[in-house]
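Below is a short note on the model you sent.

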Amino acid sequence: MNKDIATPIRTKEILEKHGFSFKKSLGQNFLIDPNILRNIVGHAELTERTGVIEIGPGIGALTEHIARAAGKVVAFEIDGRLLPVLKDTLSPYHNVEVINQDILEADVQKIIDEKLSDYDDIVVVANLPYYITTPIIMKFLLERIPLRGMVIMMQKEVADRITAEPGTKSYGSLSIAIQYYMDAEVAMIVPKTVFMPQPNVESAVLKLTKKAEPPVDVIDEEFLFEVARGSFVQRRKTLLNNLQTSLPDGKAKKEDILLALNETGIEAARRGETLTIEEFGKLSNALYRDFH
Ligand code: SAM
């Protein structure tokens, strides 16, 4: 087996050899602990029949662990300075393809069709650039990229919000948007010391697994997320108050909202943070009928 990229000594050697300096604005905090990498890859349950999409390979620390376990890795890296580095560090692996592109601009479905269509399932495995954690996850979900799941490192605070249950402080529209599509669990909490340079925030690995069925039948998913967002605009306000001011087009009349709440058996005095996804689904369906 090849020597791991992700030891502190080897990482320093690679950075010096290529004269690479970190760009904080691109969320460049590289992993320097092979145990963490083995753990991340273990949670992804990869086989040679799995195609993996990685976001932000950096100098290839996680990429090589994925490459050893999966059929193929397609890695999107925005920083062109890392391309020659990756060419060097990943030269022993013939199942890795690096694409020099901003993941948020990429046509991921097209890349899957072109490069990963032979595989039984597709998984995202990544140590994400933290400044765009939520947009990246939402891109994959809203574009309906056919994933088995995602195993992704992120700020612990965001992982807590994604996995939060109703009635807790962290529960909000992000919990609802993601739990609508995916089962979500924090797979591990990760100390700052395993990164170079160390990030300012605590980290966690989140495991998302696609739900076989959405938890509730909704007429319009985008509208469900709008209703959820609108219900948390001011957390201390009631559902009725929040929805009156936050629903789109200013069309939400108090009577319409009361009617929809009544129809779904949800008390107007409740706060958004107490509603389950199922309740948000039913409420958004009732409101949708009022407005469309
Ligand atoms: N995977 C490496 C590791 O674990 O050591 C690096 C992870 S580092 C937290 C995030 C990586 O994402 C960096 O390599 C950075 O250049 C890259 N990146 C930042 N913004 C990106 C974007 N919009 N699209 C693709 N890659 C991006």
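How many bridges join S2 to strand S5, and do they run parallel or antiparallel? The first point takes this up.

1. This is a predicted model. Strand S2 and strand S5 (residues 121–127) are joined by four bridges and run parallel. Within this pair, Ile 53 stands opposite Val 124 of S5.

2. S2 also pairs with S3: five bridges join the two strands, again in a parallel arrangement. Here Glu 54 has Ala 75 in S3 as its bridge partner.

3. S3 (residues 72–76) is in turn joined to S4 by four bridges, and these strands run parallel. Phe 76 is bridged to Ile 99 in S4.

4. These pairings belong to an open sheet of seven strands, ordered S4-S3-S2-S5-S6-S9-S7, with mixed pairing. Strand S4 (96–99) and strand S7 (182–190) are the edges, each pairing on one side only. On average, neighbouring strands of the sheet are turned by 20° against each other, direction ignored. As background, strands of a sheet pair through backbone hydrogen bonds, either parallel or antiparallel.

5. Six of the six residues of S2 are buried, so the strand is mostly covered. The cover applies to both faces: Thr 50, Val 52 and Glu 54 are buried on one side, and Gly 51, Ile 53 and Ile 55 on the other. Glu 54, whose bridge partner is Ala 75, is thus among the buried residues.

6. Gly 56 lies in the loop between strand S2 (50–55) and H3. Gly 56 counts as buried because 25 C-beta neighbours fall inside 10 Å, where the cut-off is 20 or more. UniProt, in an unreviewed entry, lists Gly 56 under "binding site", together with Asn 29, Leu 31, Glu 77, Asp 102 and Asn 127.

7. Which residues are closest to the ligand? They are Phe 30, Gly 56, Gly 58, Asn 127 and Pro 129, out of 22 residues that surround the ligand. Strand S1 (30–31) and helix H3 (61–69) each contribute at least two residues to the shell. By class, the shell has 13 nonpolar, six polar and three charged residues.

8. The unreviewed UniProt entry annotates residues 36–212 as "domain: Ribosomal RNA adenine methylase transferase N-terminal".

9. Ala 228 sits in helix H9 (residues 221–231). Ala 228 is buried because 23 other C-beta atoms lie within 10 Å, against a cut-off of 20 or more. From Ala 228 to Phe 140 the separation is 88 residues in sequence and 19 Å in space, C-alpha to C-alpha.

10. For the chain as a whole, the count is 12 helices and nine strands. Its radius of gyration is 21 Å, close to the 19 Å that the globule rule gives for 292 residues, so the chain is as compact as a globular protein of that length. Along the principal axes, the C-alpha atoms fill a box of roughly 65 × 40 × 30 Å. Of the 292 residues, 41% are buried.

Note on methods: Residues numbered from 1 in each chain as written. Predicted model: local features only at pLDDT ≥ 70, side-chain atom pairs only at ≥ 80, totals over all residues. UniProt positions renumbered as here; feature names shortened; annotations may be inferred. Near = placed C-beta within 6 Å. Nonpolar A, V, L, I, M, F, W, Y, C, P; charged D, E, K, R; others polar. Pairing = 2+ DSSP bridges. Axes fitted to C-alpha atoms, helices over the stretch in contact; angles between N-to-C directions. Rg over C-alpha atoms; globule rule 2.2 N^0.38 Å. Buried ≥ 20, exposed ≤ 12 C-beta atoms within 10 Å, placed from the backbone.
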